[in-house]
Amino acid sequence: MSETATAAATKWVIDPTHSEVQFKIKHLVISTVTGSFKSFQGSIHTEGDTFDNANVEFTLDVDSIDTNQEQRDGHLKGEEFFNAAQFPHIKFESTSFVKESDDTYKLHGNLTMKDVTKPVTLEAEFGGSAVDFYGNHKAGFEVSGKINRKEFGLTWGAVTETGSIVLGDDVKLIANVQLIKQA
């Protein structure tokens with residue numbers, strides 16, 4: 001009886017102290033507001049140490065939203081936007097993670113916000129890997145993409161007296177994550 005050798009499964013988790021998740025959206029069509037989520041968690045499962053065809057899971061805590069303006073944060077957590085009381089998390093689960101060049105990947109998956117799940121495609125740029133002072137194996141990625149907020153039930157909108165749209169539909173997503181390889 002012969003056995004086929006396969007690479008060992010490896011789990012990587014996001015190091016929240018060395019990671020950040022941000023979003024950007026147009027305000028009044030003339031400027032951009034940047035926000036972040038302060039609480040999130042995620043993991044990547046790979047075969048061996050390569051990230052080819054990795055499985056990615058990621059969750060954001062909606063209540064941790066921070067746009068540097070408390071009143072706006074409260075509005076975003078409320079029923080007109082994320083409704084954090086009823087939908088406390090935003091989730092992403094990958095369907096594929098495809099290497100396109102030495103340091104770039106296409107990350108395809110399903111994003112769920114407010115109980116609406118839609119497929120999205122994100123760019124993932126591999127920043128490299130290193131071993132820290134404590135012997136931990138780390139890897140870094142910058143993940144970016146764009147979604148239409150209205151497709152996820154974030155439909156609030158307003159127009160100023162002069163006819164300017166208060167809030168754009170497209171939201172840019174940027175996550176810089178550092179991963180820790182689990183023993």
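**Labels and the values behind them**

Trainee: What makes Asp63 and Lys77 a salt bridge?
Mentor: The closest N and O atoms of Asp63 and Lys77 are 3.7 Å apart. A salt bridge is a side-chain nitrogen of Lys or Arg within 4 Å of a carboxyl oxygen of Asp or Glu, so the pair qualifies. Asp63 lies in the loop between β5 (55–61) and β6 (65–66), and Lys77 in helix α1 (residues 70–77), so the bridge ties together parts that are 14 residues apart in sequence.

Trainee: Before we go on, what kind of model is this?
Mentor: It's a predicted model, where local features need pLDDT of at least 70 and side-chain atom pairs count only at pLDDT 80 or more, while totals for chains, interfaces and linings use all residues. Residues are numbered from 1 along each chain as its sequence is written, and side-chain values use heavy atoms, with hydrogens and water left out.

Trainee: Is Asp63 buried or exposed, and how do you know?
Mentor: Exposed, because its relative accessible area is 53%. Buried means under 20%, exposed over 50% and partly exposed in between (1.4 Å probe, protein chains only). Lys77, at 25%, is partly exposed.

Trainee: How many salt bridges are there in the structure?
Mentor: Four. One of them joins Lys138 and Asp15, with N to O at 3.1 Å. Lys138 sits in strand β10 (residues 137–148) and Asp15 in the loop between β1 (9–14) and β2 (20–27), so this pair links parts 123 residues apart in sequence.

Trainee: Why are Lys138 and Asp15 called buried?
Mentor: Lys138 has a relative accessible area of 12% and Asp15 has 7%. Both values fall under 20%, so both residues count as buried.

Trainee: What makes Asp15, Asp132 and Lys138 one network?
Mentor: Asp132 also meets Lys138 in a salt bridge, at 3.7 Å, N to O. Salt bridges that share partners join the three residues. Asp132 itself is partly exposed, at 23% relative accessibility.

Trainee: Which residues does Phe51 touch?
Mentor: Among them are Trp12, Phe97, Phe126, Phe141 and Leu179, not counting residues up to four places away in sequence. Contact means heavy atoms within 4.5 Å. Phe51 is also among the residues with the most contacts inside the largest nonpolar core, along with Phe82 and Phe141; that core has 40 residues. A nonpolar core is a set of buried Ala, Val, Leu, Ile, Met, Phe, Trp, Tyr and Cys residues joined through side-chain atoms within 4.5 Å.

Trainee: How do you know that β9 and β10 pair?
Mentor: Eight bridges join strand β9 (residues 116–131) to β10. Two strands pair if DSSP finds at least two bridges between them, so these qualify. The two run antiparallel, and Phe126 has Phe141 in β10 as its bridge partner. They form a hairpin with five residues between them, and Gly135 in the turn has a positive phi of about 85 degrees.

Trainee: How many helices and strands does the protein have?
Mentor: One helix and eleven strands. Helices (H or I, at least four residues) and strands (E, at least two) are DSSP runs, numbered from the N terminus.
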